[in-house]
Amino acid sequence: MNTSSPVLPLTVLLACSAAPALQPDHEAPAPGPRAAEDVPRQLGEIGRLLEAAPPGATVLVQPGVYREHLRITRPVTLVANGAVVIDGGGSGDIIEIAAPGVTLRGFTIRNTGIDLDKENAAIRVLAPRAVIRDNIVDDVLFGIDLREAPDSLVANNRIGGKDLDIARRGDGLRLWRSDRTTVEDNVIHDGRDAILWYSKGVIVRRNTGHDCRYGLHLMFSDDVTISDNEFTRNSVGIYLMYSTGVEINGNRLIQNRGPSGYGLGLKETDRFVVRGNLMVGNRSGIYIDGSPFSPDVPGEFTANTIAGNDIGVTFLPSARGNLLHANNFIDNFNQVAVAGRGNLDANQFWKGDSGNFWSDYTGYDQNRDGVGDFVHESATLFEDLMDREPSLRLFLFSPAQQAVEFVGRAVPAVRPEPKFTDEVPLMRPVPVAALPTGGSPARIPLAAGGALLVTLGGSLLGLARDPAVRPAHGGVR
Amino acid sequence: MTTLAASPNLVLPGPPSALRNTMTLARRELRDAVRSRWFFLYTLAFTVLGLAVSFVSAAGTGGSGLSGFGRTTAGLVNLVLLVVPLMALSAGAASIASDRERGMLSYLFAQPINRSELLLGKFLGLAAALLASISLGLGACALILAWKGLRTNPQSMFWLCGLAFLLALGMLSVGMLISTLARRASVAVGTAIFVWLMLVFVSDLALMAGAVALRLRIETLFAVSLVNPLQVFKMWSLHAVDANLDVLGPAGLYAVEEYGSLLHAIFAGCMVVWVLVPLTLASVVLSRRSPL
Amino acid sequence: MITIDHVSMKFGRSVAVDDVSLDIQAGDSVALWGPNGAGKTTLIRCVLGLLRFRGSITLAGHDVRRQGKHARLLVGYVPQELGFHDELGVNEAIGFFARLKGLDRVDPHTTLDHVGLAGHGGKRVRELSGGMKQRLALAIALLGDPPVLVLDEVTASLDAVGRGEFVALLERLSGAGRTMLFASHRLDEVATLARRVVEIDRGRVRRTTSAAEFVARTEHGAVLHLHIAAPARQAAMRSLAEGGFAPSLNGVGLLVPVSPSQKAAPFRVLAEARIAIDDFEVVTANHAADLAARAHARRETTP
């Protein structure tokens, strides 16, 4: 696809219109360079350009704000030549691509309707081999909606949803029966879901999703590769349902804390490998429900770092045949939980001579082979009680909780059955993959804060020194 | 020996203002507290344990710096819950009872001061000592965490410090009430330790048992837990650091859904009650009782 | 200066002070005399506004309960014993109490010099001897030169030497013009410091006399001061009473008036009762007469 030559013979140059604005632009400025707002355009200008363009043409659109709804019916390359805003005026879809092989590049597309039944979308693709890249899609119900558009590319777009209640939002990105599509380097925020329906062989990589419902949701989508994405502050980071053959590598799933709040959830999913991901601060780092569905191939979790979640990994009692090895379980309030009750005998927490790293492992390693000399058994009385009576979580982090734990350790009679056993717990964490790149830890403010507190304490102590004796001039005499 | 004699018609200036006396007494109390063994030992214990918590949470992350909200804050909250009430309760309990025992209380009351000035002065002095202890301890922890590169928010340290101080004020107030009621310092400190045990362990354990045995509704559970200032401190610091309470399960979710941004006010109200009511009672008791 | 008007005070059901009225003029020096438990200390605490009582007490017109701060500003108070914080420094103590009395500029050196404690300013209070502590208390009481000095058995916990020195110091410092109210059961103190003596027993004022009359009346020949360990005192009282003596209790033991020819008789009685005597003093008629003479002299020199 050649999108880099600006002066093809067939290029239609759109002259700067000198015509006065038909109507002034009243709405609040949306994202996009300010310059674009200064140049109102006549209604239907791009539409007329498209009508004039033969198949295979590259249509260059000049800067300005265009209030129109487009339907592209020929395989053209539509490129914004600068800051081009296409404004839907708050109704309907904005761009519909009905021809295969259309490229849409560099536009700012905003302000769709809010009709959930009609699924108003900024860009709706109804044909294969579309290329949607470098666009800013904002204030929209649905962002990019691919319906039966296989072999497409959705790259480097920025998609922001409308400021609506979550139940009234649409999906930032939706693929419906669009096999072999690549979704990369997009940012999706404040939408409902980014969702794949019945789409095989899709690659989803290096995307960022935040403040949505599902960062990424797979429904019946097989052989999907999900790698190096970052999903932050969504209800759920990644949720796989009824999909087979999914690779999940190097993703960062952070602070997904909705009502379910999983970093990664797997429901009745088969042949999956979860490798080198980072799950931090979620309600549950990983949630496993009936996966793997068919027991012949184990679900594999390895080299993941699961840290600071309320629950590290939640297993439903139906989860069996999972193999977790060489993962780091660091400071999750509850490292592994079984929803409801029961044990995890049907899952395995080590492979060969490599178990997992558990930050709460209390054993030691006398022969220095990197593996703890005692098995790691997860059995704390308070966790057991919490599994039975969830409202007891209210007493987390209290000395009373520790008292209960202490009793659980000291009195064998009340010690609960271990939920699982790691025969070969690691003494050191495996290298943490997928560390967040940007945003260095708040070292300096923290150090400054600490110094401030110490100074405060110190100066209070200074107040307490002996006051200098003031000599009396004349005094009592 | 020169003219020490007083003439009967001597015109003396009026007595010092309440503010001045209170500040004089507060400074005196702060000095005495800071030089005392209990202050040194508590501050040392608090700092060392805090540093231990910080090091352990730094080590637990395998150098990744990952702890989310994590064990660091949770560990520090836990430590504050354990140490600060004990420190404040026993400091408050010892304050007036030990003066009474030494005969110092009646001597002080024989000076041109009011009793409420003494109470408030002692309260402020001890409060300053506790604030020094808490901020030294938590400040040292923050420095260690920063050095170890843990992703802990500096605001959360300030919140923790401020709320720990508020908790200390409440417990100090209770301690001083005990102190005005007790005849001997040993009895007062003993009572304070008993109260500490009740607040730290017994009430929570009883409430847990109640939750399991009686299947208390979460509304009830939350409401009852507001009675315990330690629980209030805990919930408030989690809420302040994390902006929600879902880590505390259904009861926490209920609290946030039901009260939302009112929660700060509710927690603050509970704490203020714990500071003001015992102190007011102590003032009443002190003004009515013989200082002997 | 000090007006005590129908003051009564109960501890539970026992009456400690029973309808006491007393008017003390500026410059007067009044000793409260009586056995232990007579109500002397209680009355003094009422005067300081430390206890709740019925009746009224005013100091230079200030009600000690309603205007306690104003009233107490006029008073320097020395208790039986000081119970300062262990770590408190001498200079610090002076600075602290000076501020409470509203004084900003106090030179601790001069203050300490007055009571013979020059050079002790840098010490901790706990490093001082009993006598030095009492002198410090006196120095603090005199801060701001208050018109009234109230002393509560200030020598009770001192040994004989310390007592002598302290009384001498008080005599020097109390000076002319200052109003003094003090509790004592030591004849020499009363003779040295008081101009009037109010005898109190079981909370009631029994008699008010001039110090000279009081000393003269008390001179039976001699008074034995017997130092007896506390547990044995009641037994000693009984034995002596059965032996025909009229003993009374004081802080360290018993006072037994004896005729000059029978000074050893109480020792025999107590030996038979197997009660040990730790120490004793004899205040003879001559000594008492000397004290009385001094008291007379004082009355004549003061206006």
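In what order do the four strands of the open sheet in chain C lie? The model is a predicted one, and in it the strands follow the order β2-β1-β4-β5, with antiparallel pairing. The edges of this sheet are taken by β2 (14-24) and β5 (62-63) of chain C; each has a single partner strand, so one side of each is left without a neighbour in the sheet. Strands of a sheet pair through backbone hydrogen bonds, in either a parallel or an antiparallel arrangement. Between strand β1 (residues 2-11) and strand β4 (residues 54-59) of chain C, the antiparallel pairing extends over five bridges. Within that pairing, C:Ile4 has C:Ile57 of β4(C) as its bridge partner.

Chain C also contains helix α1 (residues 40-47), which is largely enclosed by the rest of the structure because seven of its eight residues are buried. The buried residues are C:Lys40, C:Thr42, C:Leu43, C:Ile44, C:Arg45, C:Cys46 and C:Val47. Just after this helix, C:Gly49 adopts a positive phi of about 75°.

The report now turns to chain B. Its contact with chain A involves 61 residues of chain B and 49 residues of chain A. Several helices of chain B each supply at least two residues of the side that touches chain A, among them α1 (18-35), α3 (70-102), α7 (185-213) and α10 (249-259). The largest share of that side, 12 residues, is provided by α5(B). The table below gives the make-up of the side of chain B that touches chain A.

| Class | Number of residues |
|---|---|
| Nonpolar | 35 residues |
| Polar | 19 residues |

Within chain B, α6(B) packs against helix α11 (residues 262-288), with which it is in contact. The two axes come within 8 Å and cross at roughly 20°. An angle under 35 degrees counts as roughly parallel, and α6(B) is therefore roughly parallel to α11(B). The crossing of α6(B) past α11(B) is left-handed. On the side of α6(B), the residues that meet α11(B) include B:Leu166, B:Leu169, B:Val174 and B:Leu177. Among the residues of α11(B) that meet α6(B) are B:Met271, B:Trp274, B:Pro278 and B:Val285. The residues of this contact comprise 15 nonpolar, three polar and no charged.

Conventions. Residues are numbered from 1 along each chain as its sequence is written. Chains are lettered from A and ligands numbered from 1 in the order in which they are written. This is a predicted model: local features need pLDDT of at least 70, side-chain atom pairs count only at pLDDT 80 or more; totals for chains, interfaces and linings use all residues. Two strands pair if DSSP finds at least two bridges between them. A residue is buried if 20 or more other C-beta atoms lie within 10 Å of its own, exposed if 12 or fewer, and partly exposed in between; C-beta atoms are placed from the backbone. Two residues are in contact if their C-beta atoms, placed from the backbone, lie within 7 Å. Ala, Val, Leu, Ile, Met, Phe, Trp, Tyr, Cys and Pro count as nonpolar, Asp, Glu, Lys and Arg as charged, and the others, Gly among them, as polar. Axes are lines fitted to C-alpha atoms, for helices over the stretch in contact, and angles run from 0 to 180 degrees between N-to-C directions. Angles under 35 degrees count as roughly parallel, over 145 as roughly antiparallel, 65 to 115 as roughly perpendicular and the rest as oblique. A crossing is left-handed if the near helix is turned anticlockwise from the far one by less than a right angle, and right-handed if clockwise.
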